[in-house]
Amino acid sequence: MASLTKVLMALAGALQVTIYTDKLPPAAGGAANAFVVRIRPKYRGDAGIHAHETVHVSQFWGVSVLSCVALYAVCYLAHWSAVYVVLGLAVHSLLYAVVPAYRLRSEVQAYAEQLRHYPDDRTDLFAEYIAQGYRLDISPAQAAAMLRRRAS
Ligand SMILES: [Zn+2]
């Protein structure tokens with residue numbers, strides 16, 4: 001699983017567009033939508049934020065590929081037009097928006113990767129972000145425990 005994650009991260013790094021802009025929600029340092037990453041100019045040199053957003057891009061590509069393959073199989077078996085395969089590109093964003101457990105898993109994975117890029121331990125800070133900023137019913141202590149489990 002770790003090597004699959006590394007492959008997806010490398011592919012995501014190659015298959016993403018990064019834009020430096022302050023057109024982001026007030027509390028966000030960066031954001032990823034599909035394969036487009038927006039990062040505040042002041043964080044241009046912050047490898048952790050770049051890694052965080054690249055994890056989201058890898059999540060997008062991984063789920064999209066699996067979803068498109070599954071939809072292709074469904075279209076083939078049902079004799080439907082293969083045009084429906086493109087709907088697979090929306091699955092990650094849809095799951096992230098409407099399934100809290102998926103959003104939590106996505107953010108824990110992204111923040112756990114981000115943690116690896118700083119010399120100091122920011123686990124409690126990122127746990128606070130996860131608990132407060134993503135419409136999740138989770139305490140900072142629970143989020144910190146998930147980040148520590150992911151890192152070990
Ligand atoms: Zn994130």
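1. Leucine 89 is placed in the loop between helix H2 (47-78) and helix H3 (91-98); helices here are DSSP runs of H or I with at least four residues, numbered from the N terminus. This is a predicted model, in which local features need pLDDT of at least 70 and side-chain atom pairs count only at pLDDT 80 or more, while totals for chains, interfaces and linings use all residues. Residues are numbered from 1 along each chain as its sequence is written.

2. Leucine 89 and glycine 62 are 27 residues apart in sequence, and their C-alpha atoms are 10 Å apart in space.

3. Two residues deserve attention for their backbone angle. Most residues other than glycine have a negative phi. Histidine 79, in the loop between H2 and H3, has a positive phi of about 60 degrees although it is not a glycine. Histidine 79 counts as exposed, because it has 6 C-beta neighbours inside 10 Å. Arginine 135, in the loop between H5 and H6, also has a positive phi, near 50 degrees. Arginine 135 is exposed, with 9 other C-beta atoms within 10 Å.

4. Helix H6 (residues 140-151) has 12 residues and reaches 16 Å from its first C-alpha to its last, close to the expected 16 Å; the expected span is 1.5 Å times one less than the number of residues. Ala143, Met146 and Leu147 are buried in H6. These residues lie on the same side of H6 because they cover an arc of only 100 degrees around the axis, the arc being that of the directions from the helix axis to the C-beta atoms. The face turned away from the buried side carries the exposed residues Ala141 and Arg149.

5. Against what do the buried residues of H6 pack? They pack against helix H4 (100-115) and helix H5 (123-133). H4 and H6 pack at an angle of about 65 degrees, with their axes 9 Å apart; axes are lines fitted to C-alpha atoms, for helices over the stretch in contact, and angles run from 0 to 180 degrees between N-to-C directions. Val108, Gln109, Tyr111, Ala112 and Leu115 in H4 meet Met146, Leu147, Arg150 and Ala151 in H6, where contact requires C-beta atoms, placed from the backbone, within 7 Å.

6. Alanine 151 lies in helix H6 and is partly exposed, with 13 other C-beta atoms within 10 Å. Leaving out residues up to four places away in sequence, alanine 151 touches Ala112 and Leu115. Its C-alpha atom is separated by 27 Å from that of valine 91, 60 residues apart along the chain.

7. The largest nonpolar core has 11 residues in all, among them Val55, Tyr111, Phe126 and Met146; such a core is a set of buried Ala, Val, Leu, Ile, Met, Phe, Trp, Tyr and Cys residues joined through C-beta atoms within 7 Å. H4, H5 and H6 are the elements that give two or more residues to this core, and H4 gives the most, with 4 residues. Apart from this core lies another, of 8 residues, including Ala12, Ile49, Val57 and Val63.

Key:
A residue is buried if 20 or more other C-beta atoms lie within 10 Å of its own, exposed if 12 or fewer, and partly exposed in between; C-beta atoms are placed from the backbone. Two residues are in contact if their C-beta atoms, placed from the backbone, lie within 7 Å.
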